[in-house]
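Here's a quick tour of a protein chain and one of its residues. Have a look at the sequence and the fold first.

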Amino acid sequence: MKLKNLLLLFCVLLTILMTACSSGQFNTYNEDTKFLLKYGFSPEKESSYFDVTIPTDWKIQSTSMPIGLYWTEVNFLSRDIGYNIEKYKGKTVKAVIYRLNEKLPGQGESSKYTYPVNAVILRDGENIIGAWLEFIGSTPLSLKKNYIETLTERPWIDWVMSHGFLKEMASPVVDNLTPEELIYAYFNGINKGDKGLIFSTLSIDMLHDMLYINRPEKTLYNTDFEQNSLELNTKSATVLSIEENKGYTPVKNKNIYESKEYKVTVNLTLKSEDNTPTRNGRNTFFFIISKSTKDSPWKIESIGTGP
């Protein structure tokens with residue numbers, strides 16, 4: 001009987017101890033919610049953290065995705081609220097992406113509409129080491145709602161250039177090509193399976209967007225082309241014609257010095273027609289070829305199926 005009473009007492013004490021410990025545990029979601037509320041935001045729902053290794057080298061090159069641009073950009077925005085991710089280069093930390101209840105207005109002509117916003121938080125253990133917003137799941141801005149253009153009072157491309165990224169993207173293979181030659185080089189890269197050549201034909205603006213477009217869950221950015229993309233899903237491509245649209249009127253963009261549009265007809269053989277609007281045979285694409293600055297080489301700014 002005494003043994004039973006001792007066991008019962010032990011169980012009660014253990015339950016009390018476990019409850020006390022549980023109530024004192026660090027609740028990351030609650031802490032994240034309180035943190036975001038300081039800036040006027042709140043998460044739609046709880047989301048789980050995932051591991052992220054912060055690269056040691058934030059330089060970029062013309063033959064791959066601009067990962068260093070991503071980290072330099074989000075660090076610049078994190079510093080707007082007092083954090084410095086740079087101190088954690090080479091370290092594996094935790095990241096979370098929250099869809100927020102609040103929306104933000106667009107820029108320029110889109111300012112009369114509001115759009116979805118994500119918040120990204122980085123933690124090393126229990127400590128926040130960086131945080132920023134993603135406007136429409138892509139364009140980053142600080143939690144104070146400041147874009148890079150707002151903080152620098154200059155176009156984004158000026159900030160990019162000031163960090164040496166345009167120089168780092170220099171490519172002797174394509175930098176002296178005409179717009180037509182650049183388009184041929186792009187499809188030549190596809191035919192050769194040369195991703196480095198394909199990347200080198202693309203503008204830094206386009207590559208920046210590609211970091212975010214259709215990224216997988218639990219991922220901060222893409223590191224390669226999508227599997228069903230034109231670049232990876234094409235066995236062979238034969239350019240049939242390239243015609244410049246002389247009546248093209250460029251969209252106003254402070255990050256583009258000059259641009260031209262080309263109608264490109266190509267005969268394609270695809271690896272698969274699943275999950276892609278492109279089909280085997282004759283296809284027409286519209287290429288916007290641009291210069292970021294007066295002295296920049298021509299690069300592919302966008303590829304669409306309509307003018």
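What follows goes from the whole chain down to a single residue.

This is a predicted model, where local features need pLDDT of at least 70, side-chain atom pairs count only at pLDDT 80 or more, and totals for chains, interfaces and linings use all residues. Residues are numbered from 1 along each chain as its sequence is written, and side-chain values use heavy atoms, with hydrogens and water left out.

**Overall build**
- The protein chain has nine helices and nine strands (DSSP runs: H or I of at least four residues for helices, E of at least two for strands, numbered from the N terminus).
- Its radius of gyration is 25 Å, well over the 19 Å that the globule rule gives for 307 residues, so the chain is more spread out than a compact globule. That radius is taken over C-alpha atoms, and the rule is 2.2 Å times the number of residues to the power 0.38.
- Along its principal axes, the C-alpha trace spans about 95 × 45 × 40 Å.

**Inside the fold**
- Of the 307 residues, 45% count as buried (under 20% relative accessible area, with a 1.4 Å probe and protein chains only).
- Among contacts (heavy atoms within 4.5 Å) with a separation of 6 or more, 63% come from residues 24 or more positions apart.

**Zooming in on Val 120**
- You'll find Val 120 in strand E3, residues 114-124.
- Val 120 is buried, at a relative accessible area of 0%.
- Leaving out residues up to four places away in sequence, Val 120 touches several residues, including Val 96, Trp 132 and Leu 220.
- The C-alpha atoms of Val 120 and Leu 133 are separated by 6.1 Å, with the two residues 13 apart along the chain.

How values were computed: Buried means under 20% relative accessible area, exposed over 50%, partly exposed in between (1.4 Å probe, protein chains only).
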